[in-house]
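Please look over the structure shown here and follow the report beside it.

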Amino acid sequence: MEKNILKNPKFRYQRLWIFSMLIMCVVSLTPLIILTFTNYYQYEEVHTVEFTHQVTQLLSGTKQNLEFFLRERISALSFIINEKSFDELADKKKLRNLLSNLKSSFDGFIDLGLIDSRGNHLSYVGPYELLGKNYKDQEWFEEVTLQGNFVSDVFMGFRKFPHIVIAVKHEIENGDFYVLRATLNTDILNDKIHSLMYWPQSDAFLINNEGTLQTSSRFYGKILEKYPLQIPPFAPNAVVKPQHDAEGNTNIVGYAYIQQSPFILIVNKQSVDYMANLFKIRNRLMWFLGISIIFILLVIFGSTTFFVKLLRKSELRQAKALHDMEYTNKMASIGRLAAGVAHEINNPLAIINEKAGLLKDFASLKPDFNYKDKVLQGVDSILKSVDRCSVITHRLLGFAKRMDIITEVIDLELLLKEVTGFLEREANLHNINIDFHFTEDLPCIHSDRGQLQQVFLNILTNAYYAVKQGGKIDIYAKKLDRDEVEITIADTGVGISEEHLEHIFEPFYTTKGKYGTGLGLSITYGIVQKLGGSISVKSKLGEGTKFSVHLPIRSKDF
Amino acid sequence: MDEIRVLCVDDEEELVSAWVERLQMRSIEAEGVTNGQDAIKRVKEKKFDVVILDIKMPGIGGFEIMKLIKNEDPDLPVILITGHQCQDEENEGLIAGSFECLVKPVDIEILVEKIMKAVKS
C-alpha cells in the first residue's frame with residue numbers, strides 16, 4: 001500500500017482531491033438544492049391557494065350580482081302584471097308608459113309585450129315590429145306556461161338579434177292566463193362579468209346548460225357559438241380549481257351556476273397571469289441558488305486544494321524524515337564496517353611498513369652491494385604502496401565518524417580538494433577536467449567536516465554522471481557580503497529539464513533509473529539545511545547544471 | 001646525552017621487532033614486549049624515557065596498561081598507536097592523557113621525532 005502511494009503519489013492525491021470535492025459538494029449542495037425547491041413548491045402551493053381564493057371571491061360576487069339582476073327584473077315584471085289589469089297592459093299607451101318607467105328604474109330593458117294564453121302578441125312596445133307574432137310553439141312560451149316565470153338563454157328569435165327574454169305568467173279567475181314578456185339587452189351581461197376580466201390574459205363568459213356561448217369569449221369564440229369544452233357539472237356554489245393544459249401550463253378555471261337561469265358563468269385565468277408572480281419568485285430563487293452554488297464550489301475548490309496540498313507536503317516531509325533516518329543508519333553501519341576493515345588492514349600494513357623500512361635501513365646503512373639500487377627501489381615501491389593503502393584506510397576511517405554534527409574550523413579549499421580526491425580515479429577514467437576557482441578572501445568556516453564532505457560528494461557524483469566523457473566541472477568558492485560563503489559546482493553535462501528540476505530535492509525522485517536511489521540530493525538538501533545554509537540549482541538542457549550552496553561562516557546553534 | 005630508552009608494546013610481534021631494530025639503528029635503546037603484563041613488569045624493573053603503546057590488544061588493553069604505567073611513573077610519556085582513529089569521542093579523556101596518538105602505519109621518522117619531543121617535554 002505504502003509502496004503504491006510512493007509510486008503513484010500524484011494519482012493518489014488527485015483521487016483524494018476528486019473524492020473530497022465530490023463528498024463536500026454532495027453534503028453542502030444537496031440540502032441547499034432540496035431546500036430551494038421545497039421552498040419554491042411551498043410558495044407555489046400558497047400562491048395557488050391565494051389565487052384560487054381571489055378568483056372564487058370574484059366569481060361568487062359576480063354570480064350573486066347576476067342572480068340579483070335577473071331576480072330584480074323578474075320581480076319588477078311580476079309586480080306590474082299583478083298590479084295592472086289586462087286591459088291596462090293591452091293598452092299600448094299605458095304599456096309604453098310602463099316600459100319607460102321600467103327603463104328609468106332598471107337598466108337593460110329593450111321592449112315589453114303582452115301575450116295571451118294562445119301565444120298571440122296582443123300588445124307590444126319596443127324597437128321591433130313584433131305585434132301579431134305568435135309564440136305558441138316557442139320553447140320559452142311553453143316554459144313560462146309551466147313554471148310561471150322564465151328567463152331564456154340568449155337567442156336570435158324574430159328579431160334576428162341576440163337577446164334574452166324574461167317572462168312572467170298571470171292567471172285569471174276563469175283559468176285563462178296571459179304573459180308579460182320583456183327583452184333584455186345582452187350587453188348588460190357583458191358588463192356584469194367584465195369585472196372578472198381585469199387580468200390581461202383572462203377570460204370570463206357565460207354559457208347555457210347546452211354548451212352555447214351566451215357572451216363572447218376571448219379564447220373560445222363569439223356569442224352563440226359552441227363552447228368546445230365539456231360543460232362543468234352542477235354545483236350550488238362557485239367552484240375554482242387549477243387545471244393543467246396540454247402544454248404543461250397551469251390555468252385557474254372556475255364556474256358558477258346562475259340560479260333561476262340557464263346560465264353558467266365560466267372564468268379562465270391563463271397561466272401567464274397566474275404564473276407572473278411565480279416566475280418572479282422562481283427567477284429570484286434561481287439566482288440565489290446559482291450564486292450560492294458558485295460561491296460554495298469556489299470555497300470547496302479552494303479549501304480542498306489547500307488541504308490536499310498540505311497533506312501532500314506533510315506526507316512528503318514525513319517520508320523524507322523517515323528516509324533521512326534510514327539513510328543515516330545505513331551510513332552509520334557502512335561507517336562501522338569501514339572502520340573495522342580499516343583497522344584490520346592497518347595492522348598488517350604497519351608490519352609491511354616497518355619491515356620494508358627495516359630493509360631500507362639495512363640497505364642504506366650497509367656499504368654498496370650487488371643490486372643495492374634495485375633493492376632500495378623495490379623497498380621504496382613497497383613503501384609508496386603502503387602510503388597509498390594508508391590514505392585509503394584513513395579515508396575509510398573518516399567515514400566512520402559519527403553522523404551527528406561536530407563543528408570544527410574548516411578550510412573549504414582543502415575540503416573541496418579532498419572530496420574531489422575521492423573521485424580522482426573516476427575523473428581520470430572519464431577524462432573529466434576539474435578546475436578550482438577560489439577567491440583570496442575565502443574564509444575558513446565553522447561547520448561539520450563529515451557532513452560537508454557528504455554534501456559535495458553527492459553533488460559531484462551527480463556532476464560526474466551528467467558530464468560523462470571529456471566534460472568539465474568548475475568549482476567556485478567565494479565570500480558573500482553577509483556572513484556567508486557560496487560554493488558553486490558547475491558542470492557542462494546534459495542538464496536537467498524544468499519538469500525534473502522542480503522535484504530534484506524530493507526524496508525518491510531520480511532520473512538515473514535503476515542506478516539512482518533518489519536520496520542523494522534530498523539528503524544533501526537536508527544536511528545543508530541542518531548546517532544553517534541553503535542550496536539552489538539552475539540548469540539548462542544540453543548546457544549543464546549549476547548547484548550553489550550557501551553556508552554560514554560561523555556555525556549556528558544546531 | 002644519555003641513550004634514550006624506549007619500550008615498544010604491541011601484540012604484533014613482527015611489528016614490535018621491526019620497531020625495536022629500526023629505533024636501535026637510530027641510536028635509541030629500544031626493547032619490545034607483546035602483552036600488557038610484560039609491559040608493566042618491564043616498567044617496574046627499568047626506567048624508560050618513552051613508552052610506545054598499541055591501544056587495541058588482547059588481554060589488558062592499551063588504555064588499562066597506560067593507567068598502570070602512569071601509576072608506576074606518572075611522568076613517563078606514552079605515545080599511543082592505533083589501527084583505528086585518534087579522534088575517538090568515547091576515549092577522548094584517555095587519549096588526552098597520552099603524549100601523542102598516531103594512526104598505523106606510522107612513518108619511522110615521524111615516530112622518532114615524536115619520541116624526541118616526548119623526551120624533551
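The report below treats the model chain by chain and then the contact between chains.

## Basis of the model

This is a predicted model, in which local features need pLDDT of at least 70 and side-chain atom pairs count only at pLDDT 80 or more, while totals for chains, interfaces and linings use all residues. Residues are numbered from 1 along each chain as its sequence is written, and chains are lettered from A and ligands numbered from 1 in the order in which they are written.

## Chain B as a whole

Five helices and five strands make up the secondary structure of chain B, where helices (H or I, at least four residues) and strands (E, at least two) are DSSP runs numbered from the N terminus. Read from the N terminus, the order of these elements is β-α-β-α-β-α-β-α-β-α.

Of the 121 residues in chain B, 40% are buried; a residue counts as buried if 20 or more other C-beta atoms lie within 10 Å of its own, as exposed if 12 or fewer do, and as partly exposed in between, with C-beta atoms placed from the backbone. Two residues are in contact if their C-beta atoms, placed in that way, lie within 7 Å, and among the contacts in chain B between residues at least 6 apart in sequence, 56% join residues at least 24 apart.

## Helix H2 of chain B and its partner H3

Helix H2 (residues 36-45) of chain B packs with helix H3 (residues 62-72) of chain B at an angle of about 15°, their axes being 10 Å apart; axes are lines fitted to C-alpha atoms, for helices over the stretch in contact, and angles run from 0 to 180 degrees between N-to-C directions. H2(B) and H3(B) are therefore roughly parallel to each other, since angles under 35 degrees count as roughly parallel, over 145 as roughly antiparallel, 65 to 115 as roughly perpendicular and the rest as oblique. On the H2(B) side the residues that meet H3(B) are Gly36(B), Ala39(B), Ile40(B), Val43(B) and Lys44(B), and their counterparts in H3(B) are Glu64(B), Ile65(B), Leu68(B), Ile69(B) and Glu72(B). By class, this contact of H2(B) with H3(B) has six nonpolar, one polar and three charged residues, where Ala, Val, Leu, Ile, Met, Phe, Trp, Tyr, Cys and Pro count as nonpolar, Asp, Glu, Lys and Arg as charged, and the others, Gly among them, as polar.

Which residues of H2(B) are buried? They are Gly36(B), Ala39(B) and Val43(B), and they lie on the same side of H2(B) because they cover an arc of only 60° around the axis, the arc being that of the directions from the helix axis to the C-beta atoms. These buried residues pack against strand S1 (4-9), strand S2 (28-33) and H3 of chain B, whereas the face of H2(B) turned away from the buried side carries the exposed residues Gln37(B), Lys41(B), Lys44(B) and Glu45(B).

## Two sites in chain A

In chain A, the axes of helix H9 (residues 412-422) and helix H11 (residues 449-467) come within 10 Å and cross at roughly 55°, which makes H9(A) oblique to H11(A). The residues of their contact divide into eight nonpolar, two polar and one charged.

His503(A) lies in the loop between helix H12 (498-501) and helix H13 (520-530) of chain A, and is partly exposed because 15 other C-beta atoms lie within 10 Å.

## Where the chains meet

The contact takes 19 residues from chain A and 16 residues from chain B. H7(A) gives the most to the side of chain A that touches chain B, with 14 residues.
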